[in-house]
Amino acid sequence: MKIRFEHITKVYGTQKALDQIDFTIDSGQIIGLLGPNGAGKSTLIKILIGLLIPENGRIAQEDTTINTQSQQYKTMIGYLPEDNPLPKELFTGEYLAQTAALYTLKNFDRESLIERTGLSTVAHKKIGTLSKGFKQRLGLAAALIHGPKLLVLDEPMTGLDPNQIQEIRKLIKSLSPATTVLLSTHILQDIVAICDRILVLNKGQLVQDVALTELENNKDATALEALFAKWTA
């Protein structure tokens, strides 16, 4: 799914949260979204998933403006928020069944999804008893249940231990080449481990849009940290 942000501007009162943002999300890429706190990352994500409408600019596919409020568009995207709200009283499989019903999926392969996301051992457990890592896996399974063309992940590794982080990274990397991923994170190791490209926001402006292969030492998180400090100084 290829999407263009064209001159996107969002204002809160007198402050521009996003200022004339232009970039293209290319089909099949894993894109890292970086920026210091208050840079505009959350606002950009909310506009992309249809929770906010910008004052100016548009999101487009080919030459057609996308209505991000439409049901058709929302069925094309999957979203895992930073604070993933899950009903603690439901069982894992029950929650996935209810999510499938919301998308009116009559025949979804529940067992395949559970196996693919590593939930087999907790499929019959209540969500309230799950570890943080399994809850993240469940949130990711729910975001993937309808086969979205665009998957938006907001800080998916927060609070996970090193083993859980490795597992979630592998899961993201294993997604279909037809799935585009936008990953917002503060963890630079995630960027060098799984991303093809990075977008860097600072004070509401896009200050970098670069492929990882264009950077020297592109597998070195410390080198990326130095560049990030330079870009957002």
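Which residue in strand 5 is the bridge partner of Gln61? Select Thr64, which is that partner. Keep in mind as you click around that this is a predicted model.

**The sheet around that bridge**

Now widen the selection to strand 4 (residues 56-61) and strand 5, which pair in the antiparallel sense over two bridges. Colour in the rest: these strands belong to an open sheet of four strands, ordered 2-1-4-5, with antiparallel pairing. Strand 2 and strand 5 (64-65) are the edge strands, each pairing on one side only. As a reminder, strands of a sheet pair through backbone hydrogen bonds, either parallel or antiparallel.

Next, show helix 1 (residues 41-48). Helix 1 lies across strand 1, strand 2 and strand 4, and it runs at about 120° to strand 1.

**Two rings**

Show the side chains of Phe5 and Phe23. They form an aromatic pair that is stacked, with 4.6 Å centre to centre and 15° between the planes. The count for the model comes to one aromatic pair. Phe5 sits in strand 1 (residues 3-12) and Phe23 in strand 2 (residues 15-25), so the pair ties together parts that are 18 residues apart in sequence.

Most residues other than glycine have a negative phi. Stay in strand 1 and select His7: its phi is positive, near 55°, and it is not a glycine. His7 is partly exposed, with a relative accessible area of 43%.

Then jump to Lys203, in the loop between strand 9 (197-202) and strand 10 (205-211). Lys203 has a positive phi of about 55° although it is not a glycine. Lys203 is exposed, at 68% relative accessible area.

**Last stop: Leu80**

Select Leu80 in strand 6 (residues 77-80). Leu80 is buried, with a relative accessible area of 2%.

Note on methods:
Residues numbered from 1 in each chain as written. Predicted model: local features only at pLDDT ≥ 70, side-chain atom pairs only at ≥ 80, totals over all residues. Heavy atoms only, no water. Phe/Tyr/Trp six-rings, centres within 6.5 Å; stacked < 30°, edge-to-face > 60°. Buried < 20%, exposed > 50% of the residue type's maximum accessible area, 1.4 Å probe, protein only. Pairing = 2+ DSSP bridges. Contact = heavy atoms within 4.5 Å. Axes fitted to C-alpha atoms, helices over the stretch in contact; angles between N-to-C directions.
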